[in-house]
Amino acid sequence: MIKWGIIGCGRIAQRFMQGFAAVDGVELVASYSRRGVTVDDFVSKYGGMACYSIDDLLASDIDAVYIATLPDSHAAYSIAALKAGKHVLCEKPATVNLAELDEVLEVVKATGLLFMEGMKPPFYPLYTKLKEYLATDPIGPAGYVRAGSAVADCPPDHPNYSLELVGGSLMGIGIYEAFLAIDWLGDLQEVQTMGRFGQTGIDMFAIFQTMHKGGYAQLYAGFDLHGKGDALIAGPLGHVTIHKNWWNPARATIDYLDGRSVEIDEPFTAGGLNYELEHFCNLIRSGLTESPIVPHQMSRQMIDMIDRARAQVGLKYPGE
Ligand SMILES: NC(=O)c1ccc[n+]([C@@H]2O[C@H](COP(=O)([O-])OP(=O)(O)OC[C@H]3O[C@@H](n4cnc5c(N)ncnc54)[C@H](OP(=O)(O)O)[C@@H]3O)[C@@H](O)[C@H]2O)c1
């Protein structure tokens, strides 16, 4: 049984608990959120102990924490949890920038504990099945990725619009596109970005194209257009379409150069965060300090891509 603590009891923490209920060998022991009323409400729904300070949470009998606060506090909570001897599963984006992530990874190295960014798509059954299928019936090495997501229905008070809380489309959504490009095309080499800003000082929409060891990607992220899109991955022998919403993947089509078309249909259950949780628990049981699927170097490259894209559109967060 792996004993868990939750830090930040908002929207994604609730979805995480939906996944939690579908995973064996886990127990929710304690939760903490900045406001007492939030943690009380969370504990009344999901059980465990309510903690009213981070010190109380980290002193409780837990093996691991899930950090589900906003990105402005991810690094500080990751470091505090690791220093308290807890494994860390931290929501995306892992930190505000690469420099912060490297500080976290120094502590990971010093403590020998597990740290993983909660980058969910590769753990979904569709994504796993797709990779397995392509290993036996390949499209050749991927050379091009086109993907994007834009969400036009966030309520006006959503933290996505807050500069202080490290909102913005690149940070909130672009990080998924960064993952996809790096996962299929390899090491990042160059980034070119354009974007427009909203009244609160965050990027409302951004397009970025990237060059990698294996080829090129064209990506977008936004909050003012309805663009819950698909993803295209092209190789010399065919291309894959991961149908909408590609970051919660459930259906893909592979079109081969020889005219064949293969459909892969793998719906996800329990909200989809159960798969990364299961993987993380297995890593703890195996004594590993990083995931082979979302390794530290991949998290470094994802946030490096967003850092570079932000620099090109002129987006800085307070304190940077
Ligand atoms: N994996 C996914 O599918 C997915 C989807 C959406 C979002 N996310 C990520 O998940 C994270 C949270 O997003 P969300 O949509 O859940 O935001 P949210 O609804 O605002 O939840 C964050 C919660 O954390 C608490 N909080 C904020 N700052 C805190 C701090 N410094 N210390 C302690 N508690 C704090 C807030 O509660 P109180 O202030 O009331 O205590 C808030 O309810 C973000 O990094 C986001 O990018 C992931």
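Let's zoom in on Arg-310: is its side chain buried or exposed, and what is its relative accessible area?

Mentor: Arg-310 is buried, with a relative accessible area of 3%. Buried here means under 20% relative accessible area, exposed means over 50%, and partly exposed is anything in between (1.4 Å probe, protein chains only). Before we go on, remember that this is a predicted model, where local features need pLDDT of at least 70 and side-chain atom pairs count only at pLDDT 80 or more, while totals for chains, interfaces and linings use all residues. Residues are numbered from 1 along each chain as its sequence is written, and side-chain values use heavy atoms, with hydrogens and water left out.

So who does Arg-310 pair with? Its partner is Glu-320, in a salt bridge whose closest N and O atoms are 2.7 Å apart. A salt bridge is a Lys or Arg side-chain nitrogen within 4 Å of a carboxyl oxygen of Asp or Glu. Arg-310 sits in helix H9 and Glu-320 in the segment after H9, so the pair ties together parts that are 10 residues apart in sequence. Helices (H or I, at least four residues) and strands (E, at least two) are DSSP runs, numbered from the N terminus. Glu-320 is partly exposed, at 37% relative accessible area.

Staying in H9 (residues 296-313), Arg-308 and Asp-304 are four residues apart, which means about one helical turn separates them. They form a salt bridge too, with 3.1 Å between the closest N and O atoms. Arg-308 is partly exposed at 27%.

By this rule the count comes to 14 salt bridges. One of them joins the side chains of Asp-153 and Lys-228, at 3.9 Å from N to O. Asp-153 lies in the loop between strand E7 (144-150) and helix H7 (169-185), and Lys-228 lies in strand E11 (residues 227-235), so this pair links parts 75 residues apart in sequence. Asp-153 is exposed at 54%, whereas Lys-228 is partly exposed at 29%.

Now the wider picture. An automatic or database domain assignment sets the bounds, dividing the chain into domain 1 (2-120 + 273-290) and domain 2 (122-268 + 302-313). Their centres, taken over C-alpha atoms, are 25 Å apart. Counting contact as heavy atoms within 4.5 Å, 19 residues of domain 1 touch 22 residues of domain 2. The area buried between the two domains is about 2000 Å², with carbon and sulfur atoms giving 68% of it. On the domain 1 side, Met-119, Lys-120 and Tyr-275 lose the most area to domain 2, together 37% of what that side buries. Buried area is the accessible area (1.4 Å probe) that two parts lose on being put together, summed over both.

How many salt bridges cross that interface? Zero, by the rule above. Helix H1 (11-20), helix H5 (98-111), strand E6 (115-118) and helix H8 (274-286) each supply at least two residues of the domain 1 side that touches domain 2. H8 gives the most, with three residues.
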